[in-house]
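Thanks for making time this morning. I would like to walk through one structure with you, taking a few places in turn, and please keep the view open as I talk.

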Amino acid sequence: MKKTVQKVPFLRLIIALITGITAGLLVEIPVQPLFLLMLLTLATIILIHKNYRYSWSSFFGAGVHLLFALLGMFIFLQYNKKPVFYNNGQFAATILETPQEKPNSFQTIIRITSFSDHSIWQKTNEKIIVYFGKDEKAKSLKPGENILFKQNPEWIKNNGNPYEFDYKKYLQRKKIYRQLYLQPANWDKTAQKPIVTPVILAEQTREKLLTIYRRQNLGEEQFKILSALTLGYKRELNAEIKQVFSASGAMHVLAVSGLHVGIIFIALTFLFGFLKKKTAGRILYVGLIIFMLWLYAFITGLSPSVERAATMFTFVVAGNSLKRQVSIYNSLAASAFFLLLINPNNFFEVGFQLSYSAVFGIVYLQPVLSRLLTVKNKLLNYFWML
């Protein structure tokens, strides 16, 4: 166990962080005293370190675990802090996603940025689901554009059926609490310059790439499948296409995952590998590979499996450039650690859980299975190891 901890130092940290995140789910306490407790724990750890004795090693280890558990609890409570919900006034909002056509409406997600109760504008930050009544004005909306409306959003509720999927909690994990249906006469697009954030920029970039696909005169179904395979754009996939892939056991192919990131990584390594021959080129190589991987991750919507793969490859590239031996288990734990720091709600996403479980299973079982049979032929052994 000691050797495992030495080889996988992030293992203890991720266990402590997950413990804290789970505690934050079960027990809600004010973040101010929790932050003070973190500072007190940190000060205690520093004091023990400065006056270190071997007999105090257990206290030092316990203090580190407690610190990261408190950190997990703190970031969970802070991340899930509810926005201020305004009503009975005028709302200004930004379009976050390209509207998706439904039978009777266009669906998208907007971010309410400010609210006025007919006196002054107050800044706010709330994501809501919006259904626009069908017309050309709604169809032409683009990510980053701004709208004004006065209608109050409604709270999202479950249907109340026995054992139904908890859709309300699912959306709350994504920080969405309310929804709204807007008729064409109840909203207006403003002349304000479109807002550009990393998320909106990624959505705009993906929309430009989809436009290139549309210009190729592909069939409707071919376009939908190609968009899902390469860009992770699954909003237009109908139930029939999903059923066909599901019945054939190939549903996972439609979801952009670590396999896609791996293919991108191999292609980038092949194209820019020559840069590693010189010290200055090695730095450029690392920066370029990491930038391109995360650019692809943003464009495809940052699914848990893509985030995991992009983070792991980031550690692999950085470790190799520093000529350090990279532990796949440590890279796996480190990627989960940093992703949970950014968004602790990832831990409750089934995609996140399955992605990490699958990779851990593959990494753990592959050496065990490969030892079952010894293949002397190099070519055959290569495929056996795969």
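Predicted model: local features only at pLDDT ≥ 70, side-chain atom pairs only at ≥ 80, totals over all residues.

A search of the whole structure finds six salt bridges, where a salt bridge is a side-chain nitrogen of Lys or Arg within 4 Å of a carboxyl oxygen of Asp or Glu. Residues are numbered from 1 along each chain as its sequence is written, and side-chain values use heavy atoms, with hydrogens and water left out.

One of the salt bridges brings together the side chains of glutamate 101 and lysine 134, at 3.0 Å from N to O. This pair links distant parts of the chain, with glutamate 101 in strand E2 (residues 100–101) and lysine 134, 33 residues apart from it, in the loop between strand E4 (121–133) and H5. When I speak of helices and strands, I mean DSSP runs numbered from the N terminus, helices being H or I with at least four residues and strands being E with at least two. Glutamate 101 is exposed, at a relative accessible area of 52%, and lysine 134 counts as partly exposed at 38%. For those words, buried means under 20% relative accessible area, exposed means over 50%, and partly exposed lies in between, with a 1.4 Å probe and protein chains only.

Now please look at glutamate 126, which forms a salt bridge with arginine 178, the closest N and O atoms being 2.9 Å apart. Because glutamate 126 lies in strand E4 and arginine 178 in strand E7 (residues 176–182), the pair ties together parts that are 52 residues apart in sequence. Are these two residues buried or exposed? Glutamate 126 counts as buried at 2% relative accessibility, and arginine 178 also counts as buried, at 0%.

A further salt bridge joins the side chains of glutamate 203 and arginine 206, at 3.4 Å from N to O. These two residues are three apart in helix H7 (residues 198–214), which means that about one helical turn separates them. Both glutamate 203 and arginine 206 are buried.

Let me move to lysine 137, which has its place in helix H5 (residues 136–139) and is partly exposed, with a relative accessible area of 27%. Leaving aside its neighbours within four places in sequence, lysine 137 is in contact, meaning heavy atoms within 4.5 Å, with Pro184, Trp187 and Asp188. A polar atom of the lysine 137 side chain lies 2.9 Å from the backbone oxygen of proline 184. The C-alpha atoms of lysine 137 and lysine 189 are separated by 8.5 Å, although the two residues are 52 apart along the chain.

Next comes strand E1 (residues 90–95), which is largely enclosed by the rest of the structure, because five of its six residues are buried. Which strands does E1 pair with? E1 runs antiparallel to strand E3 (residues 105–116), with six bridges joining them, and antiparallel to strand E5 (residues 146–149), with four bridges; two strands pair here if DSSP finds at least two bridges between them. Glutamine 90 has serine 116 as its bridge partner in E3, while alanine 92 has leucine 148 as its bridge partner in E5.

On the surface there is a nonpolar patch of about 870 Å² of accessible area together, formed by Phe360, Tyr364, Leu365, Val368, Leu369, Leu372, Leu373, Trp384 and Met385. The elements that give two or more residues to this patch are helix H14 (350–370) and helix H15 (378–385), and H14 gives the most, with five residues. Tyrosine 364 is found in H14 and is partly exposed, with a relative accessible area of 48%. A patch is made of residues with over 30% relative accessible area and no salt bridge, like charges being joined within 9 Å and nonpolar side chains (Val, Leu, Ile, Met, Phe, Trp, Tyr) within 5 Å, and the areas come from the Shrake-Rupley method with a 1.4 Å probe, where for residues only the protein chains shown count as cover.

To finish with the whole chain, there are 15 helices and eight strands, and buried residues make up 38% of the 386 residues.

Terms used:
Polar contact = N/O pair within 3.5 Å; in protein donor to acceptor, adjacent residues only side chain to side chain.
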